[in-house]
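I opened a new page for this protein.

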Amino acid sequence: MVSQAQIGRVLAVTAHPDDVDFAAAGTIAQFTDRGVEVAYCVITDGDAGGFDRELDNGGMAELRRAEQTNAAKVVGVTDLRFLGYRDGSVVQSLDLRRDITRVIRQVRPDLVITHCPERNHRFIAPSHPDHRAVGGCALDAVYPDARNPYAFPELLRDEGLEAWTVGEVWLNGSPAPDHHVDVTDTFDRKLAALRSHVSQVGHQHDFEESLRGHFSRIAVEAGFGSGHYIESFQRVVTL
């Protein structure tokens, strides 16, 4: 496994604006506090989400990009790449694998954080079809595409993007998490990042109470006891 000291760059690949904040904002804040460079690759602009339908899809997409940009700043991230795929219609494809491979070769991360491609029957929210498609393509982009100079040769030929090997992937939303990060000290920043997504959470009057309850239950299940908040992942070693 990649040691914490070996992680100098992290890339989070997610389907929608706000996904990274629900899954990993506390962990991301810990990384940036240690000086780790973190970039976000957001596959869709989330134009099918939100509750203010006075906005058309284009207006919602613009709003959600702005919300994600503001949320990222809360946890120390300023490098965001929006790929502009259609929200709600993401499927595993060679085009998506190529586009994620491009970003991996640009960022050259030691660690990728992304969605679990498996359906979670214990907790359905992480199993959105877009999440599973993005997680599957991100894993394929990590292995074998990004490290194989003969995969998508146009990336090297036309863009000068050399092959890159990612050492480890952390999957969020997995039905079998095996890596637990205590984010108690950064949980308030996670909350602040999520509150930036007004179009998604602004209508939820019990939002903070519900979120604290969810992540404290994860802490108890992971053996940390009460008084802690935990973000959990499944680690996939890819070296």
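How many residues does helix α4 have, and how far does it reach from its first C-alpha to its last? I looked up α4 at residues 129–145 and found 17 residues. Its reach is 22 Å, close to the 24 Å expected at 1.5 Å a residue. The expected span is 1.5 Å times one less than the number of residues. Helices here are DSSP runs of H or I with at least four residues, strands are runs of E with at least two, and both are numbered from the N terminus.

I noted the ground rules next. The model is predicted, so local features need pLDDT of at least 70 and side-chain atom pairs count only at pLDDT 80 or more, while totals for chains, interfaces and linings use all residues. Residues are numbered from 1 along each chain as its sequence is written, and side-chain values use heavy atoms, with hydrogens and water left out.

**Entry: cover of α4**

**Entry: Asp130**

I picked Asp130, which lies in helix α4. It is buried, with a relative accessible area of 0%. Which residues does Asp130 touch, leaving aside its neighbours within four places in sequence? I found contacts (heavy atoms within 4.5 Å) with Ala15, His16, Thr44, Asp87, Gly88, Ser89 and Val90. I also checked Tyr40, 90 residues from Asp130 along the chain. Their C-alpha atoms are separated by 16 Å.

**Entry: the whole chain**

I counted eight helices and seven strands in the protein. Its radius of gyration is 17 Å, close to the 18 Å that the globule rule gives for 239 residues, so the protein is as compact as a globular protein of that length. That radius is taken over C-alpha atoms, and the rule is 2.2 Å times the number of residues to the power 0.38. The C-alpha atoms fill a box of roughly 50 × 45 × 35 Å along the principal axes. Of the 239 residues, 51% count as buried. I also looked at contacts between residues at least 6 apart in sequence, and 79% of these join residues at least 24 apart.

**Entry: backbone angles**

The bond from Tyr143 to Pro144 is cis, with omega near 15 degrees. Pro144 is found in helix α4.

Arg108 has phi near 60 degrees, a positive value in a residue other than glycine. I placed Arg108 in the loop between α3 and β4. It is partly exposed, at 27% relative accessible area.

Phe152 also has a positive phi, near 45 degrees. Its place is the loop between α4 and α5 (153–159). Is Phe152 buried or exposed? I found it buried, with a relative accessible area of 15%.

**Entry: Ser93**

I ended at Ser93, in the loop between β3 (79–85) and α3. Ser93 is partly exposed, at 24%. Its C-alpha atom and that of Gly136 are separated by 9.6 Å.

Note on methods:
Buried < 20%, exposed > 50% of the residue type's maximum accessible area, 1.4 Å probe, protein only.
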